[in-house]
Amino acid sequence: MKKIALINGPNLNLLGVREKSIYGDQDFISFFNELKEEFPDVDLTYFQANGEGAIIDEIHRVGFEWDGIVLNAGAYTHTSVAIADAIAAVTTPVIEVHISNVHQREEFRQHSFLSAHCKGVILGFGLNSYRLGILSLML
């Protein structure tokens, strides 16, 4: 059974409540439960933190023994060299995901410090970006 960790960064605990026109109206926990039903042969875990250090700690925790990480680092995507370094340091492949198409948004959101260290990047498909991230790790 593959083990895949879904890791969300700051403000993603507010999915379903915040900026519904961008992020939709479904909360992440209910979506995560759907994913667990859809992928019964995958050991999926979910972690969310608003703090950079906690995200790094979780990448370190799963990053040497798990089969994959699906990471939405939120705004840290555009600011965190430390998270980029954590991704580069581990052996587990990381898929960077974003709910919105960041290239259609503010200019500062169009640069990712993380992408160069990730196996791939999926964005703009709403919550389905996570589903596609999981599928890509199963190939």
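Predicted model: local features only at pLDDT ≥ 70, side-chain atom pairs only at ≥ 80, totals over all residues.
Along the principal axes, the C-alpha atoms of the protein chain fill a box of roughly 40 × 35 × 25 Å. The radius of gyration of the protein chain is 14 Å, which agrees with the value near 14 Å that a compact globule of 139 residues would have. Of these 139 residues, 48% count as buried, while the protein chain exposes about 6,700 Å², of which carbon and sulfur atoms supply 52%. Among the contacts in the protein chain with a separation of 6 or more, 77% are made by residues 24 or more positions apart.

Helix H2, which spans residues 28-38, has Phe28, Phe31, Phe32 and Leu35 as buried residues. These residues lie on the same side of H2, because they cover an arc of only 100° around the axis. The packing partners of the buried residues of H2 are strand E1 (2-8), strand E2 (42-48) and helix H5 (128-137). At the start of H2, the backbone nitrogen of Ile29 has a side-chain oxygen of Asp27 within 3.2 Å.

The largest nonpolar core comprises 21 residues, and Leu6, Leu44 and Tyr130 are those with the most contacts inside it. Two or more residues are given to this core by each of E1, H2, E2, strand E4 (94-98) and H5, and its largest share, 4 residues, comes from H2. When residues up to four places away in sequence are not counted, Tyr130 touches Leu6, Asn8, Leu12, Phe28, Phe31, Leu35, Val70, Asn72, Val97 and Ile99; Phe28, Phe31 and Leu35 in this list are also among the buried residues of H2. A second, separate core has 20 residues, including Ile7, Ile55, Ile56 and Ile59.

In helix H3, formed by residues 52-62, the buried residues are Ile55, Ile56, Glu58, Ile59 and Val62. Because these residues cover an arc of only 160° around the axis, they are placed on the same side of H3. The face of H3 turned away from this buried side carries Asp57 and Arg61, both of which are exposed. Strands E1, E2 and E3 (68-72), together with helix H4 (81-89), are the elements against which the buried residues of H3 pack.

Methods:
Residues numbered from 1 in each chain as written. Heavy atoms only, no water. Buried < 20%, exposed > 50% of the residue type's maximum accessible area, 1.4 Å probe, protein only. Arc of directions from axis to C-beta. Contact = heavy atoms within 4.5 Å. Polar contact = N/O pair within 3.5 Å; in protein donor to acceptor, adjacent residues only side chain to side chain. Core = buried A, V, L, I, M, F, W, Y, C linked by side-chain atoms within 4.5 Å. Rg over C-alpha atoms; globule rule 2.2 N^0.38 Å. Areas by Shrake-Rupley, 256 points an atom, 1.4 Å probe, with all protein chains shown as cover.
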